[in-house]
Amino acid sequence: MDMDVIGKISATEKNPSTIDEFYFWTDKGRILSPFDIVKVEHVSPNEKEASITYGVVEEINHVTDATSHFTSYISSDFGEMDKDIGNMNRLGMNYVKARVICNTDNIYTPVLNGKQVLLCNEKDIKTALGLDNVKNPLVCGYLEMYKGEKTKQVKVELNSHFLIGPDGAHINISGISGLAAKTSYSMFLLNALQHKFKDENEKSVAFVFFNVKGRDLMAIDEPNKELSKKEKEIYKSLGLSVEPFKNVHYYYPYSQDTKQEEVQSYATPADVKHQKDLGKAFSYKYTFEKTKEKLDLLLANEDDSSGTLESCANFIMDERGNFKGINKWKTLVEQIDNCTKTASGGGDKNEIQVSSWRKFKRCISKAIKNPIFHQTIHIDKKEVNLTKEISEKLTANQVMVIDIARLDESTQSFVFGDVARAIYEMKLGNERDNIPDKVIMFVDELNKYASTDIPKNSPILRQLLDIAERGRSLGIILFSVEQFRSAIHDRVKGNCATQAYGRTNAIEVSKPDYRYIPKVYQNMMTRLTPGEYIISNPALRSIVNIKFPKPLYKQFPNG
């Protein structure tokens with residue numbers, strides 16, 4: 001008997017084989033897990049060679065000849081719990097439900113009762129999932145199947161065109177905080193992308209990351225000295241470089257003081273200075289002259305269903321009334337203050353009410369008190385304008401890391417919106433020769449910018465929707481991350497070709513977003529471990545449970 005035979009098809013009146021699924025029995029000692037793939041010989045137009053049907057394990061049940069639980073109780077000498085007393089040897093076996101993935105001859109009539117069910121080799125697994133002969137391959141992790149002696153480890157490569165275009169675009173990654181390793185998996189994919197396109201002439205790719213937690217991404221070009229030899233071997237077995245990110249520039253919010261408690265970053269002043277001395281770190285500022293056209297972004301989190309705040313912002317941006325010729329933040333505040341007392345900016349007094357200006361003042365005054373809203377940018381002190389950095393200097397294989405972790409939520413939204421708009425405008429209207437073909441934006445805590453609770457009039461939400469819906473054709477790709485997928489705007493997650501699910505809770509998987517995922521896989525999502533994700537991609541014939549190694553770049557405590 002073939003050592004890879006593990007059971008036979010069982011088609012019963014209650015559980016028949018169908019074109020979508022089949023059942024088979026197997027020994028009760030056989031270790032199988034959801035996502036394991038099995039194969040069955042099937043009918044074929046070619047009489048000399050059978051076709052092969054592949055199935056992925058969904059459910060595993062154990063059954064005995066006991067007619068009820070009461071029977072089992074009686075057979076143990078009426079509840080005797082000593083393992084050596086009273087147990088009757090019952091007939092028992094496991095039966096497994098498998099979902100049909102594909103057939104080698106595209107024959108989808110039901111598999112037949114009594115056919116042998118076998119384990120797969122690496123070639124079979126790749127054939128079943130559509131991972132054989134992948135064009136434009138990008139490593140996204142590895143599979144582990146069949147625990148025990150028969151364990152198989154298979155590299156998973158996706159066609160990168162289904163991740164960053166033109167065939168598909170955008171990825172959404174979800175999972176609860178701390179345990180799901182969302183950032184680590186994002187960086188694993190992005191590092192693989194940078195190294196893939198580093199030496200390729202076909203397409204050029206640039207990267208823009210937002211650091212939103214501690215110092216997570218503020219040393220991604222420095223090696224992880226705690227990475228074990230085993231982890232490095234995994235990278236090598238996947239055909240990946242063991243080098244961290246290259247060509248990285250860091251952008252910190254400008255701070256007036258260099259004391260740690262005053263600096264607007266979780267990075268230490270000494271580390272920031274060291275990076276600046278190496279020419280790879282800068283402080284960003286916003287002067288009024290370069291920012292007045294973006295005042296609407298400061299109102300992104302404000303509910304403005306009546307358009308009151310937008311009217312005030314447009315009045316200023318159009319330089320109407322007393323706002324003509326203003327070039328300082330201080331003067332702006334003074335003129336807004338005047339409008340709250342007398343009239344609507346020196347223009348038509350009936351155009352904007354004093355009460356509206358008061359509401360506008362409350363919303364904008366707090367935001368522009370942040371030191372990043374400054375009068376002058378000193379280039380000799382490594383100070384920059386982010387829009388200019390993107391429009392004039394973002395080139396192939398470059399990584400921009402923009403630190404917003406310590407900013408308040410309103411200012412975070414402003415910086416994010418400004419950068420997203422700058423990338424969009426660069427791709428649409430800039431005429432320089434070295435614009436990257438693709439710009440990949442990594443956005444953590446997407447719920448801050450594109451949740452179902454964000455006001456519909458938010459300019460940042462509109463920008464994100466535009467990127468999600470038109471970004472593939474423009475070459476702007478979104479790598480988005482959040483804790484709860486169900487809280488994200490439908491049009492954003494709906495336009496993501498790839499979905500990655502990390503560990504989450506039972507309440508989340510009960511939401512409509514997960515209705516098409518089999519129940520057993522939903523349950524698995526509540527107990528995934530760090531370094532483990534469930535992936536859905538158009539190029540895959542089934543969702544897969546992948547693993548990935550620890551990050552190659554420097555890790556900070558409590559990061």
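Modeller: Two strands count as paired if DSSP finds at least two bridges between them, and strands (E, at least two residues) and helices (H or I, at least four) are DSSP runs numbered from the N terminus. This is a predicted model, in which local features need pLDDT of at least 70 and side-chain atom pairs pLDDT 80 or more, while totals for chains, interfaces and linings use all residues. Residues are numbered from 1 along each chain as its sequence is written, and side-chain values use heavy atoms, without hydrogens and water.

Colleague: Which strands does strand 2 pair with, and in which sense?

Modeller: Strand 2 (residues 21–26) pairs with strand 1 (residues 5–9) in the antiparallel sense over three bridges, and Ile9 stands opposite Phe24. Six bridges join strand 2 to strand 5 (residues 92–103), again antiparallel, and there Glu21 has Arg99 as its bridge partner.

Colleague: How many residues of strand 2 are buried?

Modeller: Buried means under 20% relative accessible area (1.4 Å probe, protein chains only). Five of the six residues of strand 2 are buried, so this strand is largely enclosed by the rest of the structure; of the 559 residues of the chain, 53% count as buried.

Colleague: Which residues make the contact between helix 12 and helix 14?

Modeller: With contact taken as heavy atoms within 4.5 Å, helix 12 (residues 409–429) contributes residues including Phe414, Phe416, Ala420 and Tyr424, and helix 14 (residues 459–474) contributes, among them, Ile460, Leu464, Ile467 and Arg470. These helices belong to a chain that has 17 helices and 19 strands.

Notes. Axes fitted to C-alpha atoms, helices over the stretch in contact; angles between N-to-C directions. Buried < 20%, exposed > 50% of the residue type's maximum accessible area, 1.4 Å probe, protein only.
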